[in-house]
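The questions below ask what stands behind the terms used for this structure. Each answer sets a value against its definition.

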Protein chains: 2
Amino acid sequence: MPEAPNSKDKVGMICRALRRAIIEQALEPGAKLPEDSLGERFGVSRTIARYALGQLASEGLVELRRNRIAVVVTPSWQDARDIFDIRMDLERLIVRKIAGKLSSSQIARLKAHVEAEREAHDGPNAVSIRLATEFHIMLASMTNSPVLVRYVSEIAYRCCLTLSLFSRPHSSECGISEHISIIEALQDGDANKAMSLMHSHLDSVANRALVEPTPARGRDLLDVLAPYTEEAT
Amino acid sequence: MPEAPNSKDKVGMICRALRRAIIEQALEPGAKLPEDSLGERFGVSRTIARYALGQLASEGLVELRRNRIAVVVTPSWQDARDIFDIRMDLERLIVRKIAGKLSSSQIARLKAHVEAEREAHDGPNAVSIRLATEFHIMLASMTNSPVLVRYVSEIAYRCCLTLSLFSRPHSSECGISEHISIIEALQDGDANKAMSLMHSHLDSVANRALVEPTPARGRDLLDVLAPYTEEAT
DNA sequence: CGTGCCCGAAGTGCATGCAATCGAGGAGAG
DNA sequence: CTCTCCTCGATTGCATGCACTTCGGGCACG
């Protein structure tokens with residue numbers, strides 16, 4: 001566990017809070033994160049806020065620019081592709097590792113989580129996204145491999161960022177039923193089925209999200225103008 | 001690029017230096033890293049040293065204990081297994097991505113690197129290990145996927161730690177010829193061959209390294225005693 | 001000779017202060 | 001009216017200071 005889990009750790013508190021804000025899209029890509037404001041908001045000094053930002057930066061969630069205000073990262077389309085690629089591999093590895101090895105209480109916890117997802121389905125979209133993400137992290141944590149948990153967490157968070165950037169009408173994309181199928185395959189110990197289910201699950205999420213750079217509505221004014229830019233002759 | 005590459009970044013300097021010291025086994029697992037000493041050594045204040053340690057901790061290279069001196073992590077045998085598992089997957093992903101897509105200058109750089117490995121083969125073992133590790137990182141960087149680079153770097157560094165812990169007579173394990181075969185397969189665009197070569201390459205490294213916890217000579221007295229610990233009735 | 005306690009030294013946790021840097025907005029020239 | 005330059009507030013970069021915690025050794029005691 002790279003990051004202190006104990007509750008009296010100020011830095012950990014801030015990181016968790018910010019991660020959650022990002023995952024629920026309360027903080028959109030590009031949002032500014034001044035050290036003072038953060039410190040004030042969380043009742044700590046700038047030193048601590050700064051440190052927390054450093055941690056988040058190392059997770060690829062915020063971007064630190066020298067002498068400039070830190071911002072929530074704005075993943076490029078290429079970044080998004082890469083991240084989904086790796087996610088695919090890692091999550092396949094996860095299901096391969098845990099298929100047929102889950103205790104009944106673990107299965108129960110997974111099912112309870114999916115139930116929570118279903119209940120939240122009509123609620124605010126942000127909550128749905130968070131729960132769907134947490135499902136995958138929960139899966140990862142059942143491998144008992146801290147490294148896997150860390151990487152999948154990071155990647156899942158960054159996928160949320162991507163989602164909030166590229167897939168506007170995030171049409172309740174959670175795929176709750178897919179989560180259920182995966183649980184069942186895992187319970188049956190059918191690793192191959194679980195892997196292919198996970199594969200198609202992620203694939204559908206990715207495809208719904210990554211609909212090509214949607215030339216208009218490009219992030220940056222410069223990007224938008226790029227195609228129109230022709231040198232005067 | 002999660003960590004500032006520009007040379008005037010104090011934190012980056014410290015991190016790079018420490019990573020290198022770890023990879024070359026100048027800093028063994030368990031080595032203490034007091035903030036003051038680090039600060040003094042690098043000509044910065046404790047604040048910066050502390051920040052750097054935080055970054056290294058997020059990479060899983062050092063362990064931060066509250067109110068205690070930070071130390072270089074001592075991976076457990078289980079950690080080592082997990083890490084090699086993930087490494088296997090990620091490196092297979094890498095060769096799949098770059099097989100047949102390398103420019104001739106990239107191939108040349110790879111070959112030059114292996115040549116350097118061969119030259120260093122008789123030199124200090126630490127250098128061999130570093131070069132072998134850098135070869136894999138170089139491969140990763142050719143995917144142009146910052147995330148992959150980051151993860152493989154982290155994992156490769158941690159493998160070095162593991163090596164220095166479990167494989168005592170690190171018998172010039174570099175496997176230079178295997179690196180060459182991999183390059184050739186990549187050049188030919190034979191993704192499958194490259195993947196299986198990489199697989200067996202890593203497998204042999206892992207097997208040479210992970211020779212089971214060698215029950216005697218257990219790291220910690222507490223670990224040795226653990227199986228004998230039964231609560232009094 | 002082994003065991004438990006206590007205290008000084010060492011080290012961390014965190015806030016604050018000051019210098020350096022960035023950038024937004026206004027003044028002035030064209 | 002527009003463009004450029006310059007200044008000042010906002011913000012970061014970093015060192016230092018102080019309180020608190022832990023460590024390790026000496027001393028009394030069994």
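A salt bridge is a side-chain nitrogen of Lys or Arg within 4 Å of a carboxyl oxygen of Asp or Glu. By that rule, the count between chain A and chain B is eight salt bridges. This is a predicted model, in which local features need pLDDT of at least 70 and side-chain atom pairs pLDDT 80 or more, while totals for chains, interfaces and linings use all residues. Residues are numbered from 1 along each chain as written, chains are lettered from A and ligands numbered from 1 in the order written, and side-chain values use heavy atoms, without hydrogens and water.

Q: Why is the pair Glu154(B) and Arg150(A) called a salt bridge?
A: The N to O distance between the two side chains is 3.0 Å. The limit is 4 Å, so the pair qualifies.

Q: How many residues of chain A and of chain B are in contact?
A: Contact means heavy atoms within 4.5 Å. By this criterion 31 residues of chain A are in contact with 31 residues of chain B.

Q: What is the area that chain A and chain B bury between them?
A: Buried area is the accessible area (1.4 Å probe) that two parts lose on being put together, summed over both. For chain A and chain B this comes to about 2600 Å², with 50% of it on carbon and sulfur atoms.

Q: Which residues are closest to DNA strand D?
A: A residue is near a strand if one of its heavy atoms lies within 4 Å of it. DNA strand D is surrounded by 17 residues, and the closest are Arg46(A), Arg50(A), Ser45(B), Thr47(B) and Arg68(B).

Q: Why does Arg50(A) count as being in polar contact with DNA strand D?
A: A polar contact is a pair of N or O atoms within 3.5 Å; within protein, one must be able to donate a hydrogen and the other to accept it, and residues adjacent in sequence count only if both atoms are side-chain atoms. An N or O atom in the side chain of Arg50(A) is 2.3 Å from a phosphate oxygen of DNA strand D, so the pair meets the cut-off.
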